[in-house]
Amino acid sequence: AYVGIGNGVTNNVFILDIDGGQPQQISEWSYESVVGWSPDGNQLYFVAPYTGGAAWKVYAYDLNKNLTEELFTIENGTPKLLNPQLSPDGKWIAYRGRDNSSLYRVRTDGSDMELLLEDVGAVGVEWSHSGWLGVSLMIPDSDESKIILLNPESCEVHLMPEALNGELQGLSYF
């Protein structure tokens, strides 16, 4: 899955079989973001801005049915870059809050929306296979950032060594 230009509209979601073939455009809104694939690989979650970017619609594309379904609306997401990430178990979506600084999570059915980190400069977010979140935090009035590991279930947080600076791009097993 990737985001590209389709029919003259910026940032549409496409899927492409890695064995070849033509890309298939599965959305036709604009400024969409890929959230992630379900664990079984049959559904792709993605979001699109709604009402001028004040909210985000969450969609699921079913690969077997060739059908896109609107799931729910994220009302408190950032109008800039939501940076939504699907948990490896396919149960949660983590995303940036409206203040461009907080971090939330919500179940893929729209229930149990909760604030995880408030006003901390959250920028990048990645899930590990063990259910932890890695989060890049921007340091105010600086070009630097800190990286933390957060277990949403236990509220345990670990600040990574200062040598790890930048935006988190992935998180492996731990």
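Author: A strand is a DSSP run of type E with at least two residues, and strands are numbered from the N terminus. The model discussed here is predicted.

Reader: What makes residues 9-15 a numbered element, and which residue lies in strand E2?

Author: Residues 9-15 form strand E2, and Asn12 lies in this strand. The protein chain has 15 strands and zero helices.

Reader: Why is Asn12 called buried?

Author: Buried means under 20% relative accessible area. Asn12 has a relative accessible area of 0%, and therefore Asn12 counts as buried. Of the 174 residues of the protein chain, 44% count as buried.

Reader: What does the side chain of Asn12 reach?

Author: The side chain of Asn12 reaches the backbone oxygen of Trp29 at 2.7 Å. A polar contact requires a pair of N or O atoms within 3.5 Å.

Reader: Which residues does Asn12 touch, not counting residues up to four places away in sequence?

Author: Among them are Tyr2, Val3, Gly4, Ser27, Trp29 and Glu32. Contact here means heavy atoms within 4.5 Å.

Reader: How do you know that the protein chain agrees with a compact globule?

Author: For 174 residues, a compact globule would have a radius of gyration near 16 Å; the protein chain has 16 Å, so the two agree. The C-alpha atoms fill a box of roughly 45 × 35 × 30 Å along the principal axes.

Reader: How many side chains of the protein chain are positive, and how many negative?

Author: There are 9 positive and 24 negative side chains, and the centres of the two sets lie 5 Å apart.

Definitions and conventions:
Residues are numbered from 1 along each chain as its sequence is written. This is a predicted model: local features need pLDDT of at least 70, side-chain atom pairs count only at pLDDT 80 or more; totals for chains, interfaces and linings use all residues. Side-chain values use heavy atoms; hydrogens and water are left out. Helices (H or I, at least four residues) and strands (E, at least two) are DSSP runs, numbered from the N terminus. The radius of gyration is taken over C-alpha atoms; the globule rule is 2.2 Å times the number of residues to the power 0.38. Buried means under 20% relative accessible area, exposed over 50%, partly exposed in between (1.4 Å probe, protein chains only). Lys and Arg count as positive and Asp and Glu as negative; His and the chain ends are not counted. The place of a charge is taken as NZ of Lys, CZ of Arg, CG of Asp or CD of Glu. A polar contact is a pair of N or O atoms within 3.5 Å; within protein, one must be able to donate a hydrogen and the other to accept it, and residues adjacent in sequence count only if both atoms are side-chain atoms.
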